[in-house]
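Hello,

Here is the structure I promised to pass on to you. Have a look at it first, and then read my notes below.

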Amino acid sequence: MTITLYGGLRSRATIPHWYMEERGIPYTWQFVDMEAGEHRRDPYLAINPFGKVPALVDEDPALPGGRVQLFESGAILLYLAERFGGECQTAAERGLAQQWVLFANATLATALFVPSNREREFPRLMEVLDRKLVDGPLMGGDWGVADCAVNAYLAYLPIFFPQIDLSPYPQVQATIAATQQRAAYQRVMGQR
Ligand SMILES: N[C@@H](CCC(=O)N[C@@H](CS)C(=O)NCC(=O)O)C(=O)O
């Protein structure tokens with residue numbers, strides 16, 4: 001079995017990369033030089049025709065056709081969680097994991113990275129998350145795919161938006177600090 005994760009510097013590839021490090025999933029990291037435009041030409045377009053990172057290829061004779069090829073960080077995360085992470089084993093677990101991964105990638109990411117949304121949506125989401133995070137991991141139990149998806153975006157805040165005042169959200173601040181302390185997160189971010 002060979003798993004290859006394709007990603008660039010300071011890209012969303014850090015999210016599945018972090019998950020694989022947390023779970024001890026063996027993988028090969030394939031750097032895509034986005035500054036040189038490698039993501040927008042072959043051979044990378046054969047991996048993701050939309051020319052975006054991350055993408056993942058899982059090659060295993062036991063898989064139909066011998067391989068699974070995926071783009072979209074959320075799809076990659078959910079695949080890894082089910083196949084290697086021991087998560088998403090029931091419809092209920094799968095539904096909750098999908099809820100949080102989609103929340104992170106659609107709702108939270110849009111509130112952060114679309115400037116016109118930031119003023120209106122960001123405080124609204126942060127207030128609710130700040131209360132929710134008091135309860136610990138988002139799906140209960142131990143750290144998992146839902147925490148990876150949401151906390152990765154929270155930890156982007158001091159990197160991409162250091163000007164945003166997070167003091168009204170102490171639990172969000174504590175979650176970011178806890179993420180930054182995780183050895184697997186440090187290994188991934190230290191390479192960027
Ligand atoms: N929703 C996608 C977003 C992918 C995405 O926009 N990736 C950026 C890097 S973070 C990219 O490849 N940008 C290059 C481009 O659009 O040309 C995901 O979560 O994987």
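Which residues of helix H2 (residues 73–83) are buried? They are Ser73, Gly74, Ile76, Leu77, Leu78, Leu80 and Ala81. Here, buried is said of a residue with 20 or more other C-beta atoms within 10 Å of its own, with C-beta atoms placed from the backbone. Helices are DSSP runs of H or I with at least four residues, strands are runs of E with at least two, and both are numbered from the N terminus.

Before going on, please note that this is a predicted model, where local features need pLDDT of at least 70, side-chain atom pairs count only at pLDDT 80 or more, and totals for chains, interfaces and linings use all residues. Residues are numbered from 1 along each chain as its sequence is written.

The buried residues of H2 pack against helices H1 (14–23), H3 (91–113) and H5 (145–160), and also against strands S3 (55–59) and S4 (67–71).

Now the domains: an automatic or database assignment sets the bounds, giving domain 1 (2–85) and domain 2 (91–186). Their C-alpha centres are 22 Å apart. Twelve residues of domain 1 are in contact with eleven of domain 2, where contact means C-beta atoms, placed from the backbone, within 7 Å. On the side of domain 1 that touches domain 2, H1 and H2 each supply at least two residues, and H1 gives the most, with six.

Best wishes

Notes. Buried ≥ 20, exposed ≤ 12 C-beta atoms within 10 Å, placed from the backbone. Contact = placed C-beta atoms within 7 Å.
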